Amino acid sequence: HYYRTYYRLFRNLHEWYSFNEELVSYSYGTRFHVHMASILSGRPALWLTHDARTEELTKLLRLPAMDINELAALSGNEITEAIESKLQFMDFIDSYEDLLENFHSFLKQHDLKSLKR
């Protein structure tokens, strides 16, 4: 009954973004693309890092992240407080232009088509 009531399978990004805009305050967890969809929907997200790949991506992009073991050691209201305290995007926002420039340099270095700015 629970899954029939609450489970959502999104067949396109627009449905996913609309769902987030209407029903999500913020997201947290281990799935990288779920949280990218969240921030693209205008909702904050916290990546719980559980492997080197996720940790590397969040560090490179300066996205809010927390080691999953650190969160697992908490209980009760500590969990919500820890998550909400980490939902900060100023590092990402402040570094966005540099990240974009780095990406364009990568494309150029590998003779790949540049994105329109």
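**Working through the model**

Tutor: Let me begin with Asn20, which sits in helix α2, the helix made of residues 13–23, and please keep in mind throughout that this is a predicted model.

Student: Okay, is Asn20 buried or exposed?

Tutor: Asn20 is buried, because its relative accessible area is 6%, and the cut-off for calling a residue buried is under 20%.

Student: And which residues does Asn20 touch, not counting those up to four places away in sequence?

Tutor: With those sequence neighbours set aside, Asn20 is in contact with Ala37, Ser38, Ser41 and Arg43.

Student: Switching to Thr54, where is its place?

Tutor: Thr54 belongs to helix α4, which covers residues 52–61, and Thr54 counts as buried because its relative accessible area is 4%.

Student: What does Thr54 touch, again not counting residues up to four places away in sequence?

Tutor: On that basis the contacts of Thr54 are Trp47, Leu48 and Thr49. As for Leu74, which is 20 residues from Thr54 along the chain, the C-alpha atoms of the two are separated by 21 Å.

Student: Now α7: how many residues does it have, and how far does it reach?

Tutor: Helix α7 takes in residues 90–109, which is 20 residues, and from its first C-alpha to its last it reaches 29 Å, close to the 28 Å expected at 1.5 Å a residue.

Student: Which residues of α7 are buried, and what covers them?

Tutor: The buried residues in α7 are Ser95, Leu99, His104 and Leu107, and what covers the buried residues of this helix includes α4. After α7 comes Asp111, whose phi is positive, near 55 degrees.

Student: Last topic, the largest pocket: how much space lies in it, and which elements give two or more residues to its lining?

Tutor: The largest pocket holds about 340 Å³ of space, and the elements that give two or more residues to its lining are α3 (32–40), α4 and α7.

Note on methods:
Residues are numbered from 1 along each chain as its sequence is written. This is a predicted model: local features need pLDDT of at least 70, side-chain atom pairs count only at pLDDT 80 or more; totals for chains, interfaces and linings use all residues. Side-chain values use heavy atoms; hydrogens and water are left out. Helices (H or I, at least four residues) and strands (E, at least two) are DSSP runs, numbered from the N terminus. Buried means under 20% relative accessible area, exposed over 50%, partly exposed in between (1.4 Å probe, protein chains only). Contact means heavy atoms within 4.5 Å. The expected span of a helix is 1.5 Å times one less than its number of residues. On a 1 Å grid over the protein atoms alone, a cavity is a set of points where a 1.4 Å probe fits but cannot get out, and a pocket is an open set with protein on both sides within 12 Å along at least five of seven lines; lining residues have an atom within 4 Å of a point. Grid points are joined across faces, edges and corners, and a volume is the space filled by probe spheres set on the points.
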